[in-house]
Amino acid sequence: MDLYNFTIKAAHEALKSKQISVAELVSASLDRIKKVDEKLHAFLLVADKEANKQAVAAQKRLDEGDRVNSLLGIPMAHKDVFCTRGIETTASSNILKGYIPPYSATVVESLDKAGAVSLGKLNCDAFAHGSSTENSDFGPTKNPYNTDYVPGGSSGGSAAAVASGEVLFATATDTGGSIRHPAGFCNVVGLKPTYGRVSRYGVIAMASSTDSPGPITRTVEDCAFVLSAMAGYDGKDSVTSKQAPVDYMEGLKKGVKGLRIGIPNEFFAEGLDPAVEKLVRAAVLEFERLGAKIEGVTMPTISYSLAAYYIIMPSEVSSNLARYDGIKYGYSVEREHPRSKFALTDVYMRSRGDGFGAEAKRRIMLGTYALSSGYYDAYYKKAQKVRQLIRQDFEKAFENFDLLLAPVSPTPPFRLGEKTDDPLSMYLSDIYTTSMSLAGNPAISVPCGFVSGLPVGLQLVAPHFKEDRLFTAAYAYEQATKFWEQAPKI
Amino acid sequence: MAISKDEIAKVASLSRLELSAAEQDKLASELSAVVDYFNKLNELDTSSVNLELSDSETTNRTREDIMQESKIRDRILENAPATEDGFIKVKSIL
């Protein structure tokens with residue numbers, strides 16, 4: 001088996017037993033990137049010199065006896081919204097082209113400490129705005145299973161890089177579905193942790209009340225390894241939970257006998273592609289075969305979550321993107337026209353008008369509109385009240401169920417260019433993922449089959465801070481179906 | 001409910017975005033469609049919903065106000081388009 005196809009688990013065992021060295025593992029990934037990234041465009045930046053330095057340090061730690069850490073020496077990459085000190089970070093936007101962060105995100109530092117070897121920065125929709133990675137200012141990423149199709153978004157680069165074997169895991173962020181959606185489209189595992197489980201410090205902000213950094217991996221066990229390194233309280237992100245993370249490996253393999261799983265009726269209504277529904281219903285039968293108890297559940301407000309999300313999220317985006325003003329960093333007309341006669345507002349307006357892509361502008365405008373005087377009550381305040389109702393729907397559901405099961409995306413992967421003319425049709429991709437984001441609940445996407453060779457994901461949702469329950473259920477399903485073994489032919 | 005060109009211009013000004021006439025036209029129709037979709041929320045009765053902060057949200061996390069050297073001033077200034085004597089230079093405000 002090629003080294004780049006290893007899981008983290010297998011690579012860790014091989015490194016521990018000295019069958020392979022970190023240098024060999026990293027070299028295999030860098031070669032893989034050289035071979036396939038021209039077709040995929042998952043990477044925006046490959047930092048091989050840095051990577052080789054980290055590889056040497058990791059090998060030293062291994063040689064000195066550091067055996068406990070499962071991520072030591074493992075090749076990975078970061079979605080380009082994670083600030084990496086000294087390494088260009090752009091959020092896939094022209095407005096940050098050339099920006100060199102003077103600090104690293106907490107997640108980056110945690111994974112560095114764990115000894116993971118970062119190979120570079122991964123493509124995404126600019127500022128994480130999108131569901132297909134077509135909104136990247138630097139070109140879209142392609143789906144490794146068929147390069148005429150999108151990898152999903154916004155973390156398309158992260159999902160494609162893991163699916164194609166360029167890295168053994170990647171970091172990503174999920175604000176309304178951006179980890180789960182591309183994971184589903186690329187036949188990999190993607191976890192949106194509970195809001196507040198993983199620090200957002202140093203992550204380029206999109207919607208501060210839902211942004212959740214998380215891992216994308218080949219397998220569920222690998223996902224648990226990575227979450228263990230990412231989770232925890234951080235003084236620099238005041239919403240992180242002081243509740244210590246549990247041991248995600250304990251109980252991973254205990255199975256789902258007696259587990260009560262609810263299927264929200266509202267998610268199996270109009271809009272769900274029949275081919276996707278068929279695979280999700282087959283997954284339900286599989287869970288029953290494994291011993292879980294499955295029943296329908298009504299969650300009356302979740303059908304409104306997309307509308308609420310597309311008011312709340314752009315409102316927060318309009319605030320978070322106000323800092324890109326051509327003054328402190330990023331694209332600036334001051335650089336383009338030094339000593340110009342521009343007034344201060346001209347610097348703002350022209351820098352932002354030139355630097356931002358179309359989708360960023362769309363969302364800033366939507367948010368500013370929704371928050372403006374005369375509309376604030378009708379839109380923003382209304383949406384926040386609906387959000388409370390959505391939270392209550394989840395709380396009520398979890399009184400009778402241990403987990404919820406749902407599709408990830410209403411359709412299988414779509415073609416590049418298929419939804420780019422109609423923003424609203426692109427927004428509808430998020431119909432099954434936004435409610436968990438608004439309520440803060442953790443959710444995982446795990447492979448559940450293929451439609452005409454294109455991957456489909458299955459979503460499981462848990463109560464707050466019960467990621468271990470997600471891993472246990474997803475693991476049982478994954479081991480029974482083994483869809484992850486069907487690698488792309490690229 | 002269509003968003004008028006005047007409203008688009010006003011929102012663009014609030015957002016500090018310079019938009020071409022073509023961009024403004026496109027945004028007027030795109031945003032109108034999205035805002036129409038928002039009206040779905042009027043189907044819900046939210047009159048009993050209280051937007052009070054939860055118990056866990058009512059206390060701020062604070063720390064002692066102690067100055068620390070960041071040691072990264074030069075790296076911060078490297079990213080700025082215009083600097084002078086260790087400051088970021090901006091157009092006059094008054």
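A residue counts as buried if 20 or more other C-beta atoms lie within 10 Å of its own, as exposed if 12 or fewer do, and as partly exposed in between, with C-beta atoms placed from the backbone. The model is predicted, so local features need pLDDT of at least 70 and side-chain atom pairs pLDDT 80 or more, while totals for chains, interfaces and linings use all residues. Residues are numbered from 1 along each chain as its sequence is written, and chains are lettered from A and ligands numbered from 1 in the order in which they are written.

Chain B has 3 helices and 2 strands (DSSP runs, H or I of at least four residues for helices and E of at least two for strands, numbered from the N terminus), in the order α-α-α-β-β.

The contact between the chains takes 47 residues from chain A and 34 residues from chain B, two residues being in contact if their C-beta atoms, placed from the backbone, lie within 7 Å. Among the elements giving two or more residues to the chain A side are helix 9 (305-320) and helix 13 (377-400).

Helix 13 of chain A also holds A:E399, which is exposed, with 7 other C-beta atoms within 10 Å. The C-alpha atoms of A:E399 and A:P463 are 9.7 Å apart.
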